[in-house]
Every structure is written in structure tokens, then in C-alpha cells.
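Subject: Structure handover, with notes

Dear colleague,

I am passing on the structure we discussed, and I would be grateful if you could look through it before reading my notes.

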Amino acid sequence: MNSLSQKSLCRSVVGMGRRRVSCGCSESPEKCTDVETRVLVINTGGTIGMVMHDGVLSPEPNALVKTLRTLPILHDEKYAEETKLYECYKPEDKTLVLPKSEQGKRVVYTFLEYCPLLDSSNMTPSDWTTIGKDIEKYYEEYDGFVVLHGTDTMAYTASALSFMCENLGKPVVLTGSQVPIFEMRSDGRDNLLGALLIAGQFSIPEVCLYFYHKLYRGNRVTKVDSGSFQAFASPNLPPLATSEVNININWESVWRPSTPGKFTVYTEMNHNVGLLRLFPGITTETVKAFLRTPMEGVILETYGSGNAPDNRPDLLDEIRKATERGLIMVNCTQCLRGTVTISYATGQALSKAGVVAGLDMTPEAALSKLTYVLAKQDLSLEEKKKMMSRNLRGEMEADLEGAKFSLSDNRFIQIIAKTLSIGCKEELEAIRDALMPSLACAAAKNGDIAAVEAIKNMGTDLNKADYDGRTPLHIAACEGNLNVVNYLLSKGTNVFAKDRFGDTPLRNAVHLRHIDVVEVLRKSGAHLSRDELQDIGTELCRLAAKGDLGGLKVWKLAGVDMTMSGYDGKTPAEVAKAFGHKEVEDFLQA
Ligand SMILES: NC(=O)C[C@H](N)C(=O)O
């Protein structure tokens, strides 16, 4: 399906690893923060890459990369040449690099172009599967993913991917444009640039949609305008980020899963689903025909806050018969904004007929959630219904359990504020932001879960790092505080966070040989980064020469390939043999 072979992508990664390149500043290479991050751009089609032929727009294969290479805001050829970029990142003809960002980073991005490129109106759930599989295939090699997609069905794909991507730990950002990128007045250049900067630089482990300076949660959007650059809206959830003079991330809204695990893409889909929009005078025959077998799941688009006529026993009867037969029906409102409630008798009638309340889900999110949930063969009908009414990926309003304390509830900060004679909210927030990351790290070091929890309840993002870029998870992993590690993971903290030395919590746990922490981090989807895998063969050979079986076992647990050879081409097993460490040799050959 795609024109980029796996071999060429893998070689580009395994061969060189992430580079830290001198940016020309006066810092030593260790301190210089001009770091490259990698983004895979999956080009599925859409207007962004279309060209007018015979008066109609259609996707143009192999055109986008060529054009981007000529645009200085989207590609810095001078940097690529000076730093021999293409020797590290292959394939050369599909790899580009952004100019240095405000955050001091270089986003290197590689294109994976589908064949054929599609207008998104031609897409089906099997295209969602293709995209999901590619994200899974290249997951470990990239820091983030951008999916170029037509706008017409982008909200469906974004919603579907949000459910299919289980335990996602990296950003996946869908974008596209209203006008082709080749034209003078196009929104495509800004949209692509914004999506790349977000996917390459921020720990937002969600499927998102970036359009017209705003980053939205993918399963909250709907296309609202076919003639404006502001094509999307997220009526029930404010944007996760806005790109203005600065990129402002609304960290408190970023979705963090509470049950971490290894990243997988669930690709089974149930296609026997549909959307039924109520209208005054809809006939029983229409409803009956729609709900007929093989239909297994239907989103009923109702009026207002989830209402349907309660003076139509014929209609309600058909609905009841269908739900009793095992068809799952979900109630979503036709209104752009708002939620389904049972405050009206007309709403209650549906709930009595067995229809599940879809709360404030968009029809796009509800439909793709149904295709995902119904495909889970090992779940009972009741479990599937429960899943439909539960918040899985931030697609519906959360229960109150997750509600945050307001800053003014926080005695600790208030006492500090009083001591410093500070009264206004902005200053209180500034104090919180300055103090809390360090306090959270201190609590993580002491293994004090209650303190970490209290700090979180003050509204602190537990992903915030201290002056060394170290998060509470780094500290807990270093100290071997398994309970704190488990707590932090249950709150969805980022396992891929890197401190200013480029180390992840997993690398710290390996270094200090905290086997239990390594195991838990691996189960949560952590893997060593390309930087951390650099020269790993030499390190394994060093341990083999010393007969350090324990050290080798921890690396293996961390997912390292034990056959990687050292600087002289010898494998660790050969080195162990040469030094007469039989037990180590047997372990390495097992
Ligand atoms: N703006 C667009 O991308 C619309 C196009 N028809 C598509 O969805 O592929």
C-alpha cells in the first residue's frame, strides 16, 4: 500500500540514532539543546496535496515532498547539508528538516505516502486500519506522527484512531487543508508546520487534530465549515493548544490514561453500524428497515438534550424490540453543543427502551467507538454497553471523580502566598508552577505517594520537570520506588520523558538495576530511545568481559537485542567466551 519500504526506514534509525548537533551556540555539545526529534508524516491524501486537472481537484502523487523542499519555513536545506542529515536519516528523498524552533529543536520529518492517495470521502474503516498499523509499525522509531488527511472525514478517522490506539504514549496529529499547499493562498503550510511542531516537541499522548492554529482532541471535533480555513470545531471541549505568538498548551486538559500498558493498535472493526437521524414524521417503516439484521449498533441522533417523541409507541416499540434483540443503540444529540440528559419525559422514553446515553459525544466519535467496541469479541453485550457509556479516551464528559481542586482550595500555596503577600490568581499560579515540579520530585524521591497525590490535587501536572528536565517518574525510577512509579503510571505520566541528558526513566532504572521498575515500565509501553541505544553493543561487550550477568539481564529486560556487536564487531557472547565466562555465554546464547 505505501511506497516507503520498512527496510529503508529502519536502517535510518538503527544506523545512527538521534543526533545531538551543535547549533553553533557557545555551549558544550552536552549542554547544547539543539536536538533533533523525528516525526513520521503519513500522507493519506486530501486537498492539501491536490492539483487541479480538467477543472477538478484530485490528489497528486509524489508532489508534496518536492514542493516542501523549496519552502524555507518547512525545510532547511543548508542545515541538512552542513550536518550531513541525509547520511543519518533515510530515505533521503523523503526526509526534510524544519528550521530551528523557539524551543531549540529541529524536527526531522520523513514522509510515508500512500498509494493511491485518497480524497477522504472515499475512505473506509479499512483505511483507518492501514493508518493504525503504520503507526504501530513505526511507533518506536519516531517521537510523534502527523497524518495528512482530507478534511471531509477527518473527524471520523481521528475519532477511530483515538480508540484503536490503546495505551498511546506519543502524539498523533491529523491535519490537512482547505486549499492545496501548492497554491499562493493556502492554509496547508501553516497547518502542516503547526502539526509538525506539536508532534515533534510536546508530550501530548493523544490522537489530535490540528487546524487553523488550534490543536483539538481528535474525538471531539466535527467539520463545521467547508468554505473557511477554520473548518473544525470542538463544541464540547476547548482546544488542547492554541498556536499564537507562543504555542500555549492547556496541559490540564491533556488526556492521560489511568491504566497504562504496552502500546497496541486494535484493528478489528465491526462494520454493521449506522447513524439514524430523527426528524419530525419519521415513519416506523424507515426505523424498522434501518434497525434490521445485520445491523448491530446504531447511533440515534435525537433532538435537544436527547429527546425523541414519547407519543409514538410504534417508534419506541421498534427501538425496544431492536435493543432486546441485542442491538446497541446510543443516544447522541443533533445539537452541535450540549449533552444528553434524562430531564425530559421524551428523553426518558428512549432510556426505558434500552438506549444508552451518549452524553456529549459527537456522532463521529460515537459511531467509531461503536465499530471498535462491537468488535471486542470477548466482551458480553452488557460489558459493551457499559463501555459505550464510559469515557475511554476523553471522548465524553468525565465523571466527577476526576475533578480538580481549585488553587484556592490549596492551603499550602495559600500559606506561601500570604507569607509573600501575594493575592492574585496569576501570581498564585506562578508560585505553584515554580515550586511544584521540584516538590513532586522530592516526594517521589522519598517514596511519599500521599505527598505526590496532594501535589497533583493542587492542580500540578506530574509531567512537569525540574531544572534538569527530570520528572517525578525519573526520580522514582532512579530510587527504585516502585509504589510511586506505579502511582505515577496510573495517573498517565509520560514514560518517554527525557531529562536534559537525554535519559528516560527506563534508562535510569536500568542504570541503577531496579529490575521491578524496569518490568513495570516495560509493561507500560516504555522503550529505550534511539539515543539510549547508541553504542549499546559496546556496553553489552563490556559487561560480558566483566562476567556481569546481572547487568546483562537488566538490559535484556529493557528490551535490548543481546546480539548487538561492540565497536570491534564482536558480539557479547563472543566476548564472554573469550574471557571464559561460561554462565554469561550460555545466557547470551539462550
Ligand atoms: N479539504 C479537503 O481535504 C476536502 C477533500 N474533499 C477531502 O476530504 O479529501
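This is a predicted model: local features need pLDDT of at least 70, side-chain atom pairs count only at pLDDT 80 or more; totals for chains, interfaces and linings use all residues.

Residues are numbered from 1 along each chain as its sequence is written.

An unreviewed UniProt entry places the feature "binding site" at Ser120, Thr151 and Asp152. These positions are spread over 33 residues of sequence, yet they cluster in space, with a largest C-alpha distance of 6.9 Å. UniProt positions follow the numbering used here, feature names are shortened, and annotations may be inferred rather than shown by experiment.

Ser120 belongs to the loop between β5 (105–118) and α5 (125–138); helices (H or I, at least four residues) and strands (E, at least two) are DSSP runs, numbered from the N terminus. The unreviewed UniProt entry also gives "domain: L-asparaginase N-terminal" at residues 38–253, a span that is 25% helix and 29% strand, with its end C-alpha atoms 25 Å apart. Residues 468–500 are 52% helix and 0% strand, with end C-alpha atoms 6 Å apart, whereas residues 501–533 are 61% helix and 0% strand, with end C-alpha atoms 14 Å apart.

As for the backbone, most residues other than glycine have a negative phi, and most peptide bonds are trans. The bond from Cys115 to Pro116 is cis, with omega near 5 degrees, and Pro116 lies in strand β5. Another cis bond joins Thr293 and Pro294, with omega about 15 degrees, and Pro294 sits in the loop between α8 (284–291) and β17 (297–302). Asn167, which is not a glycine, has a positive phi of about 60 degrees and is found in the loop between β7 (165–166) and β8 (172–175).

Finally, helix α11 (residues 363–374) packs against helix α12 (residues 381–389) at an angle of about 150 degrees, with the axes 10 Å apart; axes are lines fitted to C-alpha atoms, for helices over the stretch in contact, and angles run from 0 to 180 degrees between N-to-C directions. That makes α11 roughly antiparallel to α12, a term used for angles over 145 degrees.

Best regards

Key: Angles under 35 degrees count as roughly parallel, over 145 as roughly antiparallel, 65 to 115 as roughly perpendicular and the rest as oblique.
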